[in-house]
Amino acid sequence: MDVAELSPAQARERFRAGVRVPTAGWCRGWTQANLIAVPRWLRYELLLFAHHNPQACPVLDVGEPGAWSTALFSGDLRTDLPGYRLYRAGEAVADLDDVVAEWRDDLVPFLVGCSFTFEGALLAAGVPVRHLELGTNVPMYLTSVPCRPTPSLSGPLVVSMRPVPEELVETAVEVSGRYPMVHGAPVHVGDPAELGIADLASPDFGDPVDVRAGEVPLFWACGVTPQAVVMASGVEYAIGHLPGHMAILDARDEDYRSAS
């Protein structure tokens, strides 16, 4: 079966069985989300950080301490994503197929919006999405732009990049702007150096894609930002998804489309 035609439950079953791939293009019309699970003592501060940085960290759902499912994710957050990253003292120490053994009773899971949610709308508007064309992961970059900090959490904005034909830039901005709960419109259009990105061919996460003649790089705030903040802040323990390997929710993309 075409992975775009799978239901969230069918996709989770495949990931639980060992499929390890980026999820762009999976489960057409179903919302994907970033995972970050932090100790209970940090949960309210992470909510505050998200409030301070809503474009980078749009929280869609939060679980109870120790829970491995939420209202929007009826599967098992420990096994039903196609890849995980474990952090200790702000260091990424392991990439894992599942985190059953690593999941602690005090961990609070956050599900954060993902720009994959508006890619179907971009395609419907005639805007090409290069990483979908290539079947690769979206390129993501650490920037020199600091997020608004809280007492214990600080770090850089992470962005995802999609090259867009110059004549379709306005369309891409307008279409993605209809989805404010999943990053919305780009935070930057054009020169990557203005974000402190030295080389588009060397993303910090994901895979590079070419920017062709007549195209402009567009940069969207990215839900990997909380993982960059975990690293920059030296958080003692956290679990995230492997960037680009998302949680597929029991929610529809159109649930996050603004009515205006």
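Q: Is His241 buried or exposed?
A: This is a predicted model, in which local features need pLDDT of at least 70 and side-chain atom pairs count only at pLDDT 80 or more, while totals for chains, interfaces and linings use all residues. Residues are numbered from 1 along each chain as its sequence is written, and side-chain values use heavy atoms, with hydrogens and water left out. Buried means under 20% relative accessible area, exposed over 50% and partly exposed in between (1.4 Å probe, protein chains only). With a relative accessible area of 0%, His241 is therefore buried.

Q: Which residue has its backbone nitrogen reached by the side chain of His241?
A: His241 sits in strand β10, residues 237–241; strands (E, at least two residues) and helices (H or I, at least four) are DSSP runs numbered from the N terminus. Setting aside neighbours within four places in sequence, its contacts (heavy atoms within 4.5 Å) include Asn34, Leu35, Tyr84 and Met246. Among these, the backbone nitrogen reached by the His241 side chain, at 3.2 Å, is that of Leu35.

Q: How many residues of strand β9 are buried?
A: In a regular strand, side chains alternate between the two faces of the sheet. Here Glu215, Pro217, Phe219 and Ala221 point one way, with Val216, Leu218 and Trp220 pointing the other way, and all are buried. Strand β9 is largely enclosed by the rest of the structure, because its buried residues number seven of seven.

Q: Which residue stands opposite Phe219 of β9?
A: Two strands pair if DSSP finds at least two bridges between them. Strand β7 (residues 156–165) runs antiparallel to β9 over seven bridges, and Glu215 is the partner of Pro165. Strand β8 (residues 188–189) also pairs with β9 in the antiparallel sense, over two bridges. The residue opposite Phe219 is His188.

Q: How many disulfides are there?
A: A disulfide is counted when two cysteine sulfur atoms lie within 2.5 Å. Cys114, buried at 5% relative accessibility, has its closest cysteine sulfur 7.2 Å away in Cys222, too far for a bond. Cys147 is in no disulfide either, with the sulfur of Cys57 nearest at 6.0 Å. The count is zero.

Q: Which element gives the largest share of the lining of the largest pocket?
A: The lining has 15 residues, with Gly25, Trp26, Arg28, Phe116 and Gly120 nearest the centre of the pocket. Two or more lining residues come from each of β1 (30–39) and α3 (119–124). The largest share, three residues, comes from α3.

Terms used:
Polar contact = N/O pair within 3.5 Å; in protein donor to acceptor, adjacent residues only side chain to side chain. 1 Å grid on protein atoms, 1.4 Å probe; cavity = no way out; pocket = protein on both sides within 12 Å on 5 of 7 lines; lining within 4 Å.
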